[in-house]
Amino acid sequence: MPVCHRGEHEEGAAVIEGQAHFVPLGFSDVEMLLAIECSAYEYPWSRGNFIDSLNAGYLARKRVDAGGAWLGYFIAMPGVQELHLLNLTVTPQHQRRGHARAMLDRLVNEGAALGALRIWLEVRVSNDRAQQVYRRYGFREVGLRRGYYPAGALARENALVMNLDLASGAGAPTARDDALD
């Protein structure tokens with residue numbers, strides 16, 4: 001596993017759509033993914049997690065600005081009429097600027113195009129900020145997975161299970177493909 005140094009993140013202005021767009025993630029992106037994971041998380045995904053997700057053909061997108069700088073990425077596993085969001089990360093220096101919402105918009109749009117009726121995710125019980133983002137977006141808490149995440153030498157942390165119902169349209173934004181690309 002790479003040595004990780006968590007960086008400080010700056011507060012910033014809101015996203016100006018049209019300056020950012022989405023690009024499929026590929027194997028050539030793994031080193032950058034690892035660097036961002038290490039800067040964003042105490043327990044980052046491994047190289048194997050990314051390689052396996054890409055090999056499996058999961059829905060994997062990076063969000064970049066007009067100059068090509070990474071703003072964030074997401075990876076979701078398609079299932080029968082559902083998506084399971086495995087990883088959504090905004091680079092620390094670009095947090096609190098609306099990129100998570102833009103990535104969720106993209107995920108909802110692509111999920112709907114694939115026939116998904118629901119999106120599932122797990123989030124650490126200690127990650128209040130991410131929970132707030134998901135709740136504001138319309139996700140609701142539906143369960144708890146005990147000991148789901150690593151949390152130290154022999155410790156584990158619980159995960160909240162959340163979902164977003166795309167079939168009813170409740171909480172889900174309307175499609176805005178033109179604003180995202």
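Guide: Let us begin with a term: two strands are said to pair if DSSP finds at least two bridges between them. The model before you is a predicted one.

Visitor: Which residue of β3 does Lys62 stand opposite?
Guide: β2 also pairs with strand β3, residues 70-79, in the antiparallel sense, over 6 bridges. In β3, the residue opposite Lys62 is Tyr73.

Visitor: Which residue in the turn between β2 and β3 has a positive phi?
Guide: β2 and β3 form a hairpin, with 4 residues between the strands. A positive phi of about 95 degrees is found in this turn at Gly68.

Visitor: How many residues of β2 are buried?
Guide: Buried here means under 20% relative accessible area. Strand β2, residues 59-65, is mostly covered by that criterion; of its 7 residues, the number buried is 6.

Visitor: Which element gives the largest share of the lining of the largest pocket?
Guide: The largest pocket has a volume of about 1600 Å³. Of its 50 lining residues, those closest to the centre are Tyr41, Leu88, Thr89, Asn127 and Ala130. Several elements each supply at least two lining residues, among them α1 (30-40), β4 (82-90) and α4 (128-137). The largest share, 8 residues, comes from α4.

Note on methods. Residues are numbered from 1 along each chain as its sequence is written. This is a predicted model: local features need pLDDT of at least 70, side-chain atom pairs count only at pLDDT 80 or more; totals for chains, interfaces and linings use all residues. Side-chain values use heavy atoms; hydrogens and water are left out. On a 1 Å grid over the protein atoms alone, a cavity is a set of points where a 1.4 Å probe fits but cannot get out, and a pocket is an open set with protein on both sides within 12 Å along at least five of seven lines; lining residues have an atom within 4 Å of a point. Grid points are joined across faces, edges and corners, and a volume is the space filled by probe spheres set on the points. Buried means under 20% relative accessible area, exposed over 50%, partly exposed in between (1.4 Å probe, protein chains only).
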